[in-house]
Structure formats: C-alpha cells, structure tokens
Amino acid sequence: MEQSVNFESFGFGKRLSGMLKVDFKRMLKSRVFYILIACALVLPILMTVMMAMMDGSESVNQQTGEITIMEGPENAWQNIGTLPGGEDMGGMDVFGMCNINMAFMGVCVFVCLFISDDFRSGYAKNLFTVRAKKGEYVISKTLMGFLCGALMLIFYFAGSALGGAIAGLSFDLHGLSYVNLAMCLLSKIFLMLVFVSIFTLISVAAKKRTWLSICGSLGGGMLLFMMVSMISPLNATIVNAGLCLAGGVLFALGLGAISTLVLKKTSLV
Amino acid sequence: MNAIEIKGLSKNFGAKQAVCALDMTVPMGAIYGFIGENGSGKSTTEKMICGLIPKSGGSIKIYGRDHTDKDVRAKMGVLIEAPGCFGGLSVFDNMMLQAANLSIPNAEREVIKTLKMVRMEGAAGNKYKNCSLGMKQRVGIAMALLGDPTLLVLDEPLNGLDADGMRIMREIFLDIVRDGRRTILVSSHLLGELQKVATHYGIIRHGKMICEMTAEQLDADCRTYVALQSAEMSRTKALLGCKYTRVEEDEAGYLRVYDQTTPEEVVTYLYKEGIPVTEIKTDKIGLEEYYIDLMKGGN
C-alpha cells in the first residue's frame, strides 16, 4: 500500500508568535537581561547619589598646588539630557559617559549574546530546519532586542528620578514641560530600533563568534552613538519622536532585509 | 513515495568539492544508515537536506516536494551536532521552549510523552548542562521528535555512548519507526551498532555515493568465510595461500579463507599436508568488514 504524508501549513502569524513566545520566555530566564535591567536602574541612582555627596569637596594637586572643587549634579534630569542653559551632555566626565544613552551600548551585549547563543546551542539549526523563514527569525530577535532596550531606557529613567529624589536634587525642568521629557524618552526608545537592527545584523553575520559580534556591534553602534543626544534632546517634541520612529522603522526594515539575506546566503552552522 | 530523493547533489566550498553528483533514495519507514569516513560528505549532505547550507547543484526532494518547502520542513526533526538546548535551562524547560516554537497544542503532555519515548522522564528536571553525554544525545532526539515529525535526520547520535546507552538508543530507533510512519536518516561511524537497526544503507566516499542497498542485500553480499586455527599457523597460512586466492589472518588469530569452500574441504586438504586443525567454523563478514572491503576496492 502506498504511504502518504499529510502536510499541515503554518501561517506567518503562527510561526512568528511561536518564535516570539520562545524568545520572550528565554529573555525572562536570561541572567544577562536581569543584570542589564539592574544596571540600568542602579547605575543612575549610585552615580547621582555619590556625585551629590562629593559636591563641593576640594582636591589639591600635590605638584602644582592647584585646587579643584568637585561639582555635583544640580538637577535630577541631568542624566537624561541637557537642560536649557546647562552644559552639553556627552563630555568626558562620569555624567557624560554614563548617561541614559549607555543603554544603547548595554543592549548590544544582550542582542549579541542572545543571537550567538542560538547558533552555539544548535537552536538556530533546529529552527531553520523546521521553520524555513529566516525573515521571521530576524523580526523576532529585533523585537526582543528592542523590548530589552526600551526596558533599559525606562529603568534608567526611573533610576535617574529615584537617584535625584534620594540626593535631594531639583526636578525643575527650566521651562520645559513633562511632555518634552516624555517625547525625549519616546525618541530614545524609537532610536533603540536603529541600534538593535545594527546589532542584529552584525550578530547574524558573526553567528556563534560572540566576541566578534560584540566588538563589531560596539564599533558599529559607536558611529551613531554621538548622534543620540542630538536627535533626542531633553526639549524633544513630537517631531523628534516622529523622526526617530521613522528612522527606526526604516533601519529595522532595511537592515532586517540585509540580515535575512545574510542568513539565506551563508552557512547556518 | 520516497521520504528523501536526491539527484545530482553537489556542494563546493571554494575550489574544494565536498559533495559531487550524489544520488540518494531513502524510502519511507526506513532506518537509513548513512556511512562514510571522516570528511566524506555525510554531514554536508545532511545539512543540505535540512537547508542549513545552500547546495551548489542538484535537487533534493522530501516527500516529493522541494526540500525548501515550508510545509515539508514542518515534517522534519533534526539532530546535527548540537541539539538546540540551552545549558542553564532544565531538560523540561528546553523541551517546552521547542514545543512553543512548534506551536504544539497540549505542549506539556506532548513533552512528557516524548521524554518517556527516549527514557528521560526521570531526568526532566535536570539542568541540561548537568546531563551526561548519553542523556544529552537522548534529549537531542527528544527535541527532534517534538511536533511529531515523520522524517528524522540524525548526525552521529551514537557517538560517545556506553554499551547500555547504545542499547537504549537502538530501542528508541526501533520504537520511532515501529508504526511505519516515520523515517530515520542516521549517520554513524559505529557500523556494528548501525547494522543492528538499519534497514537501508548508503555508503559515501569522497562526496560520491558508492552504493545503496537494503539490509537484505547487504546480508546477501556479505560473503561467508571459513575461519580456522591450527598448531602451525604460519605453515598453514602458506599452504592455504597456495590453494586459495584470498587467505587472511584476523585480529583474533584465526586464518580466514574467503574463497568458495567448505570447512570439510579445508580440513581434508590440511590433513593430507599433515597439519591438524584445532578449531574451524564458518562465519559471515559484518557491515564493518564489508565497508572496509569496499573502501579498499574489494568485493
């Protein structure tokens, strides 16, 4: 008797939702995710409180006798962006190096480890054997990276406010409104899509070579890193948010297509 | 309909041709033993079947459809090198993730059923990284079995297993194909073990399929020989070498006569030459010897 096989079709939605469900569960079970979120929350608190404690303290240079007076933060929102009349963000001091934009680099570690783990464990092999669509894989990873990045930004924002409150700093927005603050955060969240798309592309190209993907992603991210504070300032409006959203979507689509092509044209093992 | 039908498959890595015009037919319901030395192109062929590396030429049909067809893919389970488990998660959690990925309804029940099938139900709570090699291989097969695939592609699943592990794995293979719905393509270097379960064989060398056969054909092809021991082995060997075309001494110290003959004829001949035979028997060469013979270019 001739044997036959019944084929069951899985639609795009079912395949993607399955993959997203797995990636979401994996993210919630991942230690790196919690470490990054904890860092995003604790770093601004520690930094703000410590800098506030050191405010006004003097240090004397033993050779020149020059006296330097430490300047602590005056405003809780200094970690998020530059207030009108304030100094530019991104200087080579602790505040400049460890502001909210750090999250863009932090998420790089998450995306690179998440994707390289897929290839190292053989999960990607199983996935591509039973699920033929590479594009869906890229969508799923980009969304997970975006979610992690967005959460890091939100936690950093909350940490800054909390740190400011603990240190007794001013919450005055110097003529800006809370809408500006929200738009600034929203712009950064949308910009996260640009960074995550870059990290995803580099990670799928590097596959199981974690260090290569982390170094490549940090290098690639650095090129755009300086732009973040300019595109998403503290006085951001809906125009900034809209531009960031458009940029994020364009980057995600363009780089997502390239990532899919890379997966299609290269060996998956 | 065949489970896998490959015609003229080739794969080039730069100037190196890893697989060259390979033809292969895996019937449905078979346990197909895919045999070849290291670097012969077994894994490359399996990876191409699974769509993990692009082919340079030829065609791969699975159940009569192109191997890239997404509906066909959903019918496959694969264990190539790593099984796709995350070390920090338990066996059960890893299986549940795979079940979610495959959108399996009643996932928990299916996972438990599959773990029972590979005799791993007692170790479901163990972290994957703490499992022994044998357990990891079985988890890999369980992962491949989730979603009720009808074609399993297993690359060297017997590697590193102890005797009991091998026995369990053989039982699992037989359980998998018992109802005739599923097909297994399995590559292994452990030919003796493979011979105990395989129903079909394909032998690959330098990227080319040099022969395909059923277990029955192999059985018929495996020549019988007369093995004997005598008090004067070196003289016996010399004497037998004069009369027969192929006489070899095996690792156990027996002289083997591969020509068409009988133990009676050999004993009579040696008796006439004054050599007493201490032990004599007839036996059949196994898959391993058949393979070595074939690689040497013998018959």
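Q: What's the strand order in the open sheet of four strands in chain B?
A: The order is 2-1-4-5, with antiparallel pairing. Strands here are DSSP runs of E, at least two residues, and helices are runs of H or I, at least four, numbered from the N terminus. Two strands pair if DSSP finds at least two bridges between them. Heads up, this is a predicted model: local features need pLDDT of at least 70, side-chain atom pairs count only at pLDDT 80 or more, and totals for chains, interfaces and linings use all residues. Residues are numbered from 1 along each chain as its sequence is written, with chains lettered from A and ligands numbered from 1 in the order in which they are written.

Q: Which strands stand at the edges?
A: Strand 2 (16–27) and strand 5 (65–66) of chain B; each has a single partner strand, so one side of each has no neighbour in the sheet.

Q: And how many bridges join strand 1 to strand 4 in chain B?
A: Five, between residues 2–13 and residues 57–62. One pairing there is E5(B) with K61(B).

Q: Switching topic: is strand 7 of chain B mostly covered or mostly open?
A: Mostly covered: five of the five residues in 151–155 are buried (20 or more other C-beta atoms within 10 Å of a residue's own, C-beta atoms being placed from the backbone). L151(B), V153(B) and D155(B) point one way, L152(B) and L154(B) the other.

Q: How does strand 8 of chain B run relative to strand 7 of chain B, parallel or antiparallel?
A: Parallel, joined by five bridges. D155(B) has S187(B) as its bridge partner in strand 8 of chain B.

Methods: A residue is buried if 20 or more other C-beta atoms lie within 10 Å of its own, exposed if 12 or fewer, and partly exposed in between; C-beta atoms are placed from the backbone.
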